[in-house]
Amino acid sequence: APFVSGQKIRFGLFGKILIVMLIVSLLPFGVFWFITFKETNERTRTDTELLMAQTAKGLGEKVDSWIEGNIAALRTAARLSEIKAMARITQEPILKSIQAEHPWMYLVFTVGVDGMNVARSDDVALKDYSDRQYYKNVLKGNNLTWETLIGKTSKKPALVLAVPVKEEGRLVGIIAAAMTLDQVSNNIATWKKGRTGYALLLDEKGNVVAHPDKIYVTSRKQLLSHPLIKTFKEKGWTTVTSQFTGKDGRTALGHVRRNPYGWT
């Protein structure tokens, strides 16, 4: 007989029993699948958070060790009588020796208390560094200071570390080393995980020191407004793992920690 619109489809007793059996057999499977899926997601997130925390800690320790090694070299030199003399003729051989032993330093130099360059490891003319913050900080009494800036010599984004030179407790000058941020960035920006995982490093002002995208480094892009860094700041600059929305609108997960120098 032809099918009439609106006619109800009727199931016999066998059909009804079959449907009930399917529901009864599939329901546990569905519940099991849901629980397994949820547990797998939670385990994946937990493992990811642990990986990020361990990676950030490892990269942070690597950066700290690298910085501390450079600082130790400068502090050792600052104790030498040839450096304390604050004379170009006695300082230059030592500065060139330090630069030769630390090739990532494109310049090792000294500055007098007046801010004028006394000696340097290259053959460039002496410069006035009285406008640099690291010089001002040492004059204020800091035993260690650093600054990310555009180098007067390299014309590139650079990190400058500086320590005081003292004679019998009296400040007589500053010894400093400059290195391009590429050297720092190459140690950090190469870390990747999967298709979207990467590491970045910011200085104490929130400026990019290391990032997979080189334009972020060369422009010293400021990322304090980044949702992950913003949450980190709101939490009081303490170690935090946070979920946030990325530039593409997708949900992302990040881990942030701070080192002794205020870098993140």
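## An enclosed strand and its sheet

Strand β1 is largely enclosed by the rest of the structure, because 6 of its 6 residues are buried. Here buried means under 20% relative accessible area, exposed means over 50%, and partly exposed lies in between, with a 1.4 Å probe and protein chains only. The model is a predicted one, in which local features need pLDDT of at least 70 and side-chain atom pairs count only at pLDDT 80 or more, whereas totals for chains, interfaces and linings use all residues. Residues are numbered from 1 along each chain as its sequence is written, and side-chain values use heavy atoms, with hydrogens and water left out.

Both faces of β1 are covered, with Leu107, Phe109 and Val111 buried on one side and Val108, Thr110 and Gly112 buried on the other. Helices (H or I, at least four residues) and strands (E, at least two) are DSSP runs, numbered from the N terminus, and the chain has 7 helices and 11 strands.

β1 belongs to an open sheet of 5 strands, with antiparallel pairing and the order β2-β1-β5-β4-β3. The edge strands, each of which pairs on one side only, are β2 (117-120) and β3 (145-150). On average, neighbouring strands of this sheet are turned by 25° against each other, direction ignored; axes are lines fitted to C-alpha atoms, for helices over the stretch in contact, and angles run from 0 to 180 degrees between N-to-C directions. Helix α3 (residues 88-101) packs on the sheet, where α3 touches β1 (107-112), β2 and β5 (170-180), and the direction of α3 makes about 50° with that of β2. Contact means heavy atoms within 4.5 Å.

Strands of a sheet pair through backbone hydrogen bonds, either parallel or antiparallel.

| Strand pair | Bridges |
|---|---|
| β1 and β2 | 3 bridges |
| β1 and β5 | 6 bridges |
| β4 and β5 | 10 bridges |
| β3 and β4 | 6 bridges |

Individual partners show how the strands are set against one another. Thr110 stands opposite Ala119 in β2 and has Ile175 as its bridge partner in β5, while Val108 stands opposite Ala177 in β5. Further along the sheet, Lys166 has Leu171 as its bridge partner in β5, and Thr148 stands opposite Leu159 in β4. Like β1, strand β5 is mostly covered, since 9 of its 11 residues are buried.

Two hairpins can be followed in the sheet. β1 and β2 form a hairpin with 4 residues between them, and Gly115 in the turn has a positive phi of about 90°. The hairpin of β4 and β5 has 2 residues between the strands, and there Glu168 takes a positive phi near 55°.

Asn117 lies in strand β2, where it is the bridge partner of Val111. Which side of the burial cut-off does Asn117 fall on, buried or exposed? Asn117 counts as buried because its relative accessibility is 4%. A polar atom of the Asn117 side chain lies 2.8 Å from the backbone oxygen of Thr110, and a polar atom of that side chain lies 3.1 Å from the backbone oxygen of Ala119. Not counting residues up to four places away in sequence, Asn117 touches Phe109, Thr110, Val111, Leu126, Lys127 and Tyr129.

## Cores and the whole chain

A nonpolar core is a set of buried Ala, Val, Leu, Ile, Met, Phe, Trp, Tyr and Cys residues joined through side-chain atoms within 4.5 Å. The largest such core has 43 residues, of which Ile67, Leu159, Ile175 and Trp263 touch the most other members. Helix α1 (residues 13-78) supplies the largest share of this core, 7 residues. When neighbours within four places in sequence are left aside, Ile67 is in contact with Leu161, Tyr261 and Trp263. A second, separate core of 14 residues includes Phe109, Tyr134, Leu149 and Ala162.

Over the whole chain of 264 residues, buried residues make up 38%. Among contacts between residues at least 6 apart in sequence, 48% join residues at least 24 apart. The chain exposes about 15700 Å², of which carbon and sulfur atoms supply 58%; accessible areas come from the Shrake-Rupley method with a 1.4 Å probe, and for residues only the protein chains shown count as cover.

Notes: Two strands pair if DSSP finds at least two bridges between them. A polar contact is a pair of N or O atoms within 3.5 Å; within protein, one must be able to donate a hydrogen and the other to accept it, and residues adjacent in sequence count only if both atoms are side-chain atoms.
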